[in-house]
Amino acid sequence: AAAKRQRGAAAGARPKKRVKREPGAPEPAPGPGSAPGGAAPEEYSIPAPVSQGKWKNKERVLIFSSRGINFRTRHLMQDLRTLMPHSKADTKMDRKDKLFVINEVCEIKNCNKCIFFEAKKKQDLYMWLSNAPQGPSAKFLVQNIHTLAELKMTGNCLRGSRPLLSFDPTFDKEPHYALLKELFIQIFSTPQYHPKSQPFVDHVFTFTITDKRIWFRNYQIIEEDASLVEIGPRFVLNLIKIFQGSFGGPTLYENPYYQSPNMHRRLIRLSVAAKFREKQQVKEAQKIKKNETKMLVKDDFTETVFETPAEEKPVEVQLVKPEPKATVKDKRKPRKTQRKKQKKLFRIEA
């Protein structure tokens with residue numbers, strides 16, 4: 001009996017005819033689509049990936065923030081997510097929660113690094129960089145934020161491309177900067193052969209130390225002349241403390257040059273108040289000077305040395321009444337009155 005045809009079954013498929021060849025010719029090599037053992041080739045062939053290497057470095061960075069951030073911080077956080085293909089996002093954390101809860105969030109998200117933006121008073125922004133859950137972690141004050149969307153940034157780069165990391169020579173001279181350098185390398189460098197990354201290097205992350213602060217810049221590499229054009233974002237990190245644990249623990253380093261934003265605003269208010277107080281004291285001193293009794297100076301006998309007495313004129317008494325002055329009449333007045341009368345007559349006749 002004939003076998004029933006089954007849709008997609010190998011039993012119903014007809015075998016291909018063998019091509020006749022000469023007895024001395026070698027057998028042809030199997031094609032790229034043909035399976036080993038003489039099986040039928042696949043209908044669709046999947047192309048090989050761009051990078052044939054193995055993804056070994058499984059670094060994943062969690063980037064999120066607390067509630068109360070402004071629009072500029074939100075745009076900065078989104079820019080970092082676009083530049084780092086190995087990053088993950090999460091919902092905003094409540095400000096009442098303790099910071100060590102972030103370690104559990106990282107464990108749930110399967111992340112071993114974290115960038116956390118903490119907002120206070122709706123005007124101060126702090127950034128936490130942490131290696132979860134063992135540590136260490138560093139806390140920074142973020143200043144002078146500029147995002148990708150600003151018109152000043154004219155560069156462009158491929159999304160998902162791997163960056164070069166450029167560090168200031170000062171990072172190798174002091175121990176706390178060396179620790180921060182290793183933390184920056186592990187967080188900001190895209191792992192090789194990451195599934196979401198591209199095998200190209202077309203931009204540079206620079207970390208420069210100036211004025212006891214760390215300046216972050218992102219530049220595009222132009223192929224023609226190897227010059228750099230800034231892409232963004234850009235911000236300045238003012239180091240506060242480095243902790244041994246993740247979001248807490250013993251303090252490894254504390255910045256002696258750090259000044260809190262509250263203290264900075266207080267000093268500004270005190271300087272303004274001191275200027276106002278100085279003006280008030282000047283006004284009071286002027287008032288007191290005006291109200292002081294003037295000291296009487298004794299007469300100086302030398303003042304009248306050069307004065308010459310005037311000649312005395314005899315007094316004349318007028319006994320006769322003076323004649324009245326002749327009033328000169330205006331000759332033009334009668335002419336004006338005649339003209340007015342004639343005008344009235346003309347009006348009446350009209």
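**Exercise 1. How much space lies in the second largest pocket, and which residues are closest to its centre?**

Step 1. The second largest pocket holds about 410 Å³ of space. A pocket is an open set of points on a 1 Å grid over the protein atoms alone, with protein on both sides within 12 Å along at least five of seven lines. The volume is the space filled by probe spheres set on the points, which are joined across faces, edges and corners.

Step 2. This is a predicted model: local features need pLDDT of at least 70, side-chain atom pairs count only at pLDDT 80 or more, and totals for chains, interfaces and linings use all residues. Residues are numbered from 1 along each chain as its sequence is written, and side-chain values use heavy atoms, leaving out hydrogens and water.

**Exercise 2. Which parts of the chain does the pair Asp124 and Arg265 link?**

Step 1. Their side chains form a salt bridge at 3.1 Å, N to O. The term means a side-chain nitrogen of Lys or Arg within 4 Å of a carboxyl oxygen of Asp or Glu.

Step 2. Asp124 sits in strand β4 (residues 124-131) and Arg265 in helix α4 (residues 261-291), 141 residues apart.

Step 3. Asp124 is buried because its relative accessibility is 9%. Arg265, at 23%, is partly exposed. Buried means under 20% relative accessible area, exposed over 50%, partly exposed in between (1.4 Å probe, protein chains only).

**Exercise 3. Which residues do salt bridges with shared partners join into one network?**

Step 1. Arg217 meets Glu230 at 3.8 Å, N to O. Arg217 is in strand β8 (residues 213-221) and Glu230 in strand β9 (residues 228-230), so this pair ties together parts 13 residues apart in sequence.

Step 2. Glu230 also meets Arg234, at 2.8 Å, N to O.

Step 3. The network is Arg217, Glu230 and Arg234.

How values were computed:
Helices (H or I, at least four residues) and strands (E, at least two) are DSSP runs, numbered from the N terminus. On a 1 Å grid over the protein atoms alone, a cavity is a set of points where a 1.4 Å probe fits but cannot get out, and a pocket is an open set with protein on both sides within 12 Å along at least five of seven lines; lining residues have an atom within 4 Å of a point.
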